[in-house]
Amino acid sequence: MPTSAPHGTPFLLLAPLLMVSAVLAVPLDRAAPHQEDSQPTESPDTGLYYHRYLQEVINVLETDGHFREKLQAANAEDIKSGKLSRELDFVSHHVRTKLDELKRQEVSRLRMLLKAKMDAKQEPNLQVDHLNLLKQFEHLDPQNQHTFEARDLELLIQTATRDLAQYDAAHHEEFKRYEMLKEHERRRYLESLGEEQRKEAERKLQEQQRRHREHPKVNVPGSQAQLKEVWEELDGLDPNRFNPKTFFILHDINSDGVLDEQELEALFTKELEKVYDPKNEEDDMREMEEERLRMREHVMKNVDTNQDRLVTLEEFLASTQRKEFGDAGEGWKTVEMYPAYTEEELRRFEEELAAREAELNAKAQRLSQETEALGRSQDRLEAQKRELQQAVLQMEQRKQQQQQQQQQREQNAPPSKPDGQLQFRADPDDAPVPAPARDQKDVAASEKKAPEQPPELPQLDSQHL
């Protein structure tokens, strides 16, 4: 639900003519003069990937008196044709500076998105041509990435108008695929069961469907019965005193003079609670949101005569005067009464799933093979690592042994003299044995011996002569 704004403060101005009115604006002919002290009003998320950029641009434009005045005087054709965009040249310098900064921030954000997309594809070193890639984003002019020009506003208007017009259709398509996937999985599950188990599962499913269909009558959205029920049970007022104008004012939550899509959807909560309960396994909350969307589309189709995605008081009062307003009929037919898909659509969907599953399986097989190859490479690397570690260890041990041997040789080597000559040390085993001590008598007797005679010369034989 939109955040409440001060009474008389216009919400955003572009949207009713851009088909983003339900989210961003009020009709221009009812826009009150701008109040300088009012704050920009936050809008519900449109679901557009550039929602914040859109919101901030309009908030900035809303602060310029000249542009606001031109916008109030413009019609839908002026805006869609780009005529109003040319008024951007006359806004204040302060506003243009802010718009320039917003655009630079948006370009930077888009570049980050592109980089993340490239990284996800495992192409981090790929040279990115940002200019060409930015062309896929149609809500700004990629040729000028630094300033916000009239062309940027024109593109933003056109893109938001188109995208919001397709928003509901995209939701319906998403819901259809969800329902087909659910049915596909149910059938595969039943095929995996034995006969008795399959019969029991089918019986249980039928019982759940029966309980889901057993709910109170759902009133047609926008009918007198549906609005009176809200008037009585939610507003706490007397149903016999129902007043359409008072009802409209009560449910114009932000007092902007219109019922936007969120305010309308809030009126359907009571009807949805008759069918869907999050506590019941048979009630699918995704189906409830689809139901809410269908109800809102029904009211817009029958009440929003100018198709601006807003319901004015005049349109609302006019709808209460129609015959269909008081015709209760059989009530609202819920989602399960309208098949979301045909058997042919389901068959094509299952073929698509099978192709994607085969592709994923092939990719998984390639990844498994690559993982195994990496594992083998890792084992080889580990073996080489262990061999290298062993070789290093052996070299260290050999080095230590050599160092120890060297130290021993140095310890056993004789010391050197100052002149560098080796000085040998006497071996204790080679030392002379001291003579035994002799008695004094022996010494005296030896001294009295006669002197030694010279040795005799050998006599030569005549033959030697």
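Residues are numbered from 1 along each chain as its sequence is written. The model is predicted, so that local features need pLDDT of at least 70 and side-chain atom pairs count only at pLDDT 80 or more, whereas totals for chains, interfaces and linings use all residues; side-chain values use heavy atoms, with hydrogens and water left out.

The protein has 18 helices and two strands. Helices (H or I, at least four residues) and strands (E, at least two) are DSSP runs, numbered from the N terminus. Of the 465 residues in the protein, 34% are buried. Buried means under 20% relative accessible area and exposed means over 50%, with partly exposed in between (1.4 Å probe, protein chains only). Among contacts with a separation of 6 or more, 66% are between residues 24 or more positions apart, a contact being heavy atoms within 4.5 Å.

In soluble globular proteins, nonpolar side chains tend to be buried together. A nonpolar core is here a set of buried Ala, Val, Leu, Ile, Met, Phe, Trp, Tyr and Cys residues joined through side-chain atoms within 4.5 Å. The largest such core has 29 residues, and Tyr 53, Leu 54, Val 57, Leu 61, Phe 67, Leu 99 and Phe 148 have the most contacts inside it. At least two residues of this core come from each of α3 (51-62), α4 (65-73), α6 and α8. When neighbours within four places in sequence are left aside, Leu 99 is in contact with Val 57, Val 60, Leu 61, Leu 88 and Phe 148. Another core, of 25 residues, lies apart from the largest one and includes Leu 259, Val 299, Val 303 and Val 311.

Two helix pairs were examined for packing. The axes of α8 and α14 are 11 Å apart, and the helices pack at an angle of about 150°. Axes are lines fitted to C-alpha atoms, for helices over the stretch in contact, and angles run from 0 to 180 degrees between N-to-C directions. The angle makes α8 roughly antiparallel to α14; angles under 35 degrees count as roughly parallel, over 145 as roughly antiparallel, 65 to 115 as roughly perpendicular and the rest as oblique. The crossing of α8 past α14 is left-handed, a term used if the near helix is turned anticlockwise from the far one by less than a right angle, with right-handed used if clockwise. On the α8 side the contacting residues include His 171, His 172, Glu 174, Phe 175 and Tyr 178, and on the α14 side they include Arg 286, Glu 290, Leu 293 and Arg 296.

In the second pair, the axes of helix α10 (residues 224-233) and α11 come within 11 Å and cross at roughly 65°. α10 also passes α11 in a left-handed crossing. Leu 227, Val 230 and Trp 231 of α10 make the contact with Thr 246, Phe 247, Leu 250 and His 251 of α11.

Side chains of opposite charge can pair when their charged atoms come close. With a salt bridge taken as a side-chain nitrogen of Lys or Arg within 4 Å of a carboxyl oxygen of Asp or Glu, the whole structure contains 37 salt bridges. In one of them, the closest N and O atoms of Glu 106 and Arg 109 are 2.8 Å apart. These two residues are separated by about one helical turn, because they are three residues apart in helix α6 (residues 93-120). Glu 106 is buried at 5% relative accessibility, whereas Arg 109 is partly exposed at 30%.

Glu 174 and Arg 286 form a salt bridge with an N to O distance of 3.9 Å. This pair links distant parts of the chain, as Glu 174 is in helix α8 (residues 150-191) and Arg 286 is in helix α14 (residues 285-303), 112 residues apart. Both are partly exposed, with relative accessible areas of 46% for Glu 174 and 35% for Arg 286.

Within helix α14, Glu 289 and Arg 292 lie three residues apart, about one turn of the helix. They form a salt bridge whose closest N and O atoms are 3.4 Å apart. Glu 289 is partly exposed, with a relative accessible area of 42%, while Arg 292 is buried, at 15%.
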